[in-house]
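Let's take a walk through this model and look at which side chains pair up. Keep the 3D view open and follow along as you read.

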Amino acid sequence: MACAQGDREALQRLYQREARFLLGVALRIVRQHHRAEDVLHDAFLNIWQRAGSFDPTRGEGRGWIYSVVRNAALNMVRSSAREATVDDDAREAIDDDAALAAYVSAGDPFELRADLGRLHTCLASLEPARRDCILYAYVEGCSHAEIAERTRTPLGTVKAWIQRGMKALRECMT
């Protein structure tokens, strides 16, 4: 990554290419446009400062920057005294979501349609309550506590449904 070598123009190109998508990721989590812009700013500073720590053997650069933005957004939610519990399994799922978002923005349209069709089929195979929890978390950016409140389900049950549902989706998609 050219950013790791101090190439400011590379960072600028990266920002121009990805900022609107990354702003959407942050906005789904923090739910306020000005806060999402702050997250994006902080995330790009972090990307610039930590570009040398990126390990291409662990995944693609695009997935890494999406996870940096997601983590910055989640940190902002946590620091503003709003409850957003993210355990290791949820963090892994969030990273999977970021990788999927990066793939979607760069993928072949035919393959994307096929994958989305398969995802739709896999989601349809889930129990409705589990599917709803996953959609609340990954489409609407709700925290586990918010999902529990929306569905009037115990927090531990929501976490288990999301964890098991994501596992079932991963198995179905492979």
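Predicted model: local features only at pLDDT ≥ 70, side-chain atom pairs only at ≥ 80, totals over all residues.

A salt bridge here is a side-chain nitrogen of Lys or Arg within 4 Å of a carboxyl oxygen of Asp or Glu. Residues are numbered from 1 along each chain as its sequence is written, and side-chain values use heavy atoms, with hydrogens and water left out.

The structure has 3 salt bridges. Start with Arg-62, which bridges to Glu-18 with the closest N and O atoms 2.6 Å apart. Where do these two sit? Arg-62 belongs to helix 3 (residues 61-79) and Glu-18 to helix 1 (residues 8-30), so their pairing ties together parts that are 44 residues apart in sequence. Helices, by the way, are DSSP runs of H or I with at least four residues, numbered from the N terminus.

Glu-18 has another partner: Arg-17 also forms a salt bridge with Glu-18, and here the closest N and O atoms are 3.4 Å apart. Is Glu-18 buried or exposed? With a relative accessible area of 1%, Glu-18 is buried, whereas Arg-17 is partly exposed at 46%. For these words, buried means under 20% relative accessible area, exposed means over 50%, and partly exposed is in between (1.4 Å probe, protein chains only).

Now move to Glu-146, which forms a salt bridge with Arg-31, their closest N and O atoms being 3.2 Å apart. Glu-146 is in helix 7 (residues 144-151) and Arg-31 in the loop between helix 1 and helix 2 (33-50), so this pair ties together parts that are 115 residues apart in sequence. Arg-31 is partly exposed, with a relative accessible area of 35%. Through shared partners, salt bridges join Arg-17, Glu-18 and Arg-62 into one network.

On to the rings. Rings of Phe, Tyr and Trp (its six-membered ring) pair if their centres lie within 6.5 Å; planes under 30 degrees apart are stacked, over 60 edge-to-face, and the rest tilted. The count comes to 1 aromatic pair. Tyr-15 and Phe-44 make it up, edge-to-face, at 5.0 Å centre to centre and 75° between the planes. Tyr-15 in helix 1 and Phe-44 in helix 2 are 29 residues apart, and their pair links distant parts of the chain. Phe-44 is buried at 7% relative accessibility, while Tyr-15 is partly exposed at 42%.

Notes: Helix = DSSP H or I, 4+ residues; strand = E, 2+ residues; numbered from the N terminus.
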